[in-house]
Each structure stands twice: as structure tokens, then as C-alpha cells.
Amino acid sequence: MCTLTGKEFASCWTKIARANEHLNALKDEMLAWNTTRPYEARRRHDGTGARHSVTIHICNPPPLERWSVISGDCVHALRCALDHFAYAVAVHESKMDPPPGERVLQFPIADTPEKFAIAVKRIKALSERMQHNIEAVQPYHRPHAHVPPLLGLLRDLDDIDKHRLLHIVVSRQAQGRISFTAVDPTVPVIPTSIGYKTDAVEDGAEIVWFTVDPPNIGLQYEHETVMVIALSHAPGRSRETLTEVVAVLDWLGAEVTTVIQQLATAP
């Protein structure tokens, strides 16, 4: 059995700690940005009162490129933690440093059993027991309710960051809630249609729109929503492709920690 107390495993946790430093820095910067009241919502209608909408106006543009770089550094540190673990296991099992096959050692992340059967060559220096245990934590065994399986997402984001910045945008956290104030309480206002913007939000963009019949220029309503800094990713079970970046990085960090702990204590 592997042990987390062995000195050969220290760098795994150092990499995870570094990822957390990046994530905490990102959280601090985003919190500071939010305290500036960086955006405001405005209502408008088509002039007849038949179609109404809410537009978002960004008063203090966020430093998206900088936050993309920080996010990429966080992702890379987490991906490295897994590779450090594979290397540490090889040292632990072989009692050699560097271990046999060090040049090809890499923690494999595969989306299907067939792809793992090819990628397993990366850990041929490890015991069959450890190879089996690593197969058991592959993405196809660990789905996520919202985004793609986390280890697969980690791999994909790290690959993207090698060539270009991660796509981070301003987005809505949720569709939001619209409540209407009817002039006559016995006749509720029911919109005939309603729509929400589902992709990235730019300054002046409509984030919600609806129509009413009969038209009403003086329509009274409240719209509640929260704007977030979101990361673009492949669709998961929810089919969403934009998720709050801090949430994604939190999930990834927890997944890497869980996987390493599970593997390092597996019988």
C-alpha cells in the first residue's frame, strides 16, 4: 500500500497547495471587482409596450485575460499533481529515483476503457495493482452532474491552456426571476413569451426579454439575476457550456485531492 507520509509524495501536495494559492488569488480579485458595483441592469421596451427587455451594462470591465492566466496556472498545477503522484508511486515501488521508465511516466486520463487500454503504457512501470486502481478512477467511472467528468475536463483545459488562453467570459449565473406588479390584482400579468441570453454577455446585451398582451408601456416588474465570471467548457450532463470559473476550479481541486487520497490508500 502507498503512503501519503512518504517523502516521495510530498510534491503532489505541494502542487495542490500551489493550485489553491492561484484559486484563492482569483477569488480575492473577483471579490474586489464585485465590490466596485461593476455592472448595472437597465429596462427598456420597444416603444409600444408589447416587448420589454433588460440589458446589462458593464461599468468596470473585468480583467478576463489575467483571470484566464491565473485559472490556467491553477489547472496546470492540478494536472501536474497527478503526474507527480504517478512518478512517486514508481519511486515507492521500485525503490529507485529516478524510477524505471521515467521518461514515459504520466498519469493517464482516458474517456473510455478502450482509450485507457492504449494510455496504460504510460504507467507500465507501476504494479498491476496500481494500474488497476488508476483505471478505477478514470473519467468514465466518475461522472459529474453538471460538467463533463472532472479528470477529463482537467486534461482538456490543461491541453487548451498550452496553446491559448482559457475562454473566460461574463455570464449569467441563472435565468433569474421576473415578478410583475399588476394594476388590477385580479388580473395577473402573464407574459406571452420570454427568453434569456444563454451565452457570453457583452456590454449592452439583452439578458432577458418578454412580450405582453395587451401592450403596456408602464409595466411594473422586477428582474433578479446574478452575473458571474464563467468558464467555457464542453457540455456535460446539464448540457450547459458556461459555468462559474471558481466553482469549476473548486470541483477540479477536490477531485484531484480525492483521487490521490483514494489511490494512495487503496489496498
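**Aromatic rings in detail**

Tutor: Tryptophan 33 and tryptophan 67 are both buried, that is, under 20% relative accessible area, where over 50% is exposed and in between is partly exposed (1.4 Å probe, protein chains only). The model is predicted, so local features need pLDDT of at least 70 and side-chain atom pairs count only at pLDDT 80 or more, while totals for chains, interfaces and linings use all residues. Residues are numbered from 1 along each chain as its sequence is written, and side-chain values use heavy atoms, leaving out hydrogens and water.

The count of aromatic pairs is 6 (Phe, Tyr or six-membered Trp rings with centres within 6.5 Å; stacked under 30 degrees, edge-to-face over 60, otherwise tilted). One of them joins tryptophan 33 to tryptophan 67 edge-to-face, at 5.9 Å centre to centre and 80° between the planes. This pair links distant parts of the chain, 34 residues apart: tryptophan 33 lies in helix H1 (residues 10-34) and tryptophan 67 in helix H2 (residues 64-94). Helices (H or I, at least four residues) and strands (E, at least two) are DSSP runs, numbered from the N terminus.

Phenylalanine 180 and phenylalanine 210 are also edge-to-face, because their ring centres are 5.3 Å apart and their planes stand at 85°. Here strand S4 (residues 177-181) supplies phenylalanine 180 and strand S6 (residues 206-211) phenylalanine 210, 30 residues apart. Phenylalanine 180 is partly exposed at 24% relative accessible area, whereas phenylalanine 210 is buried at 1%.

Finally, Trp33, Tyr39 and Trp67 form one aromatic cluster.
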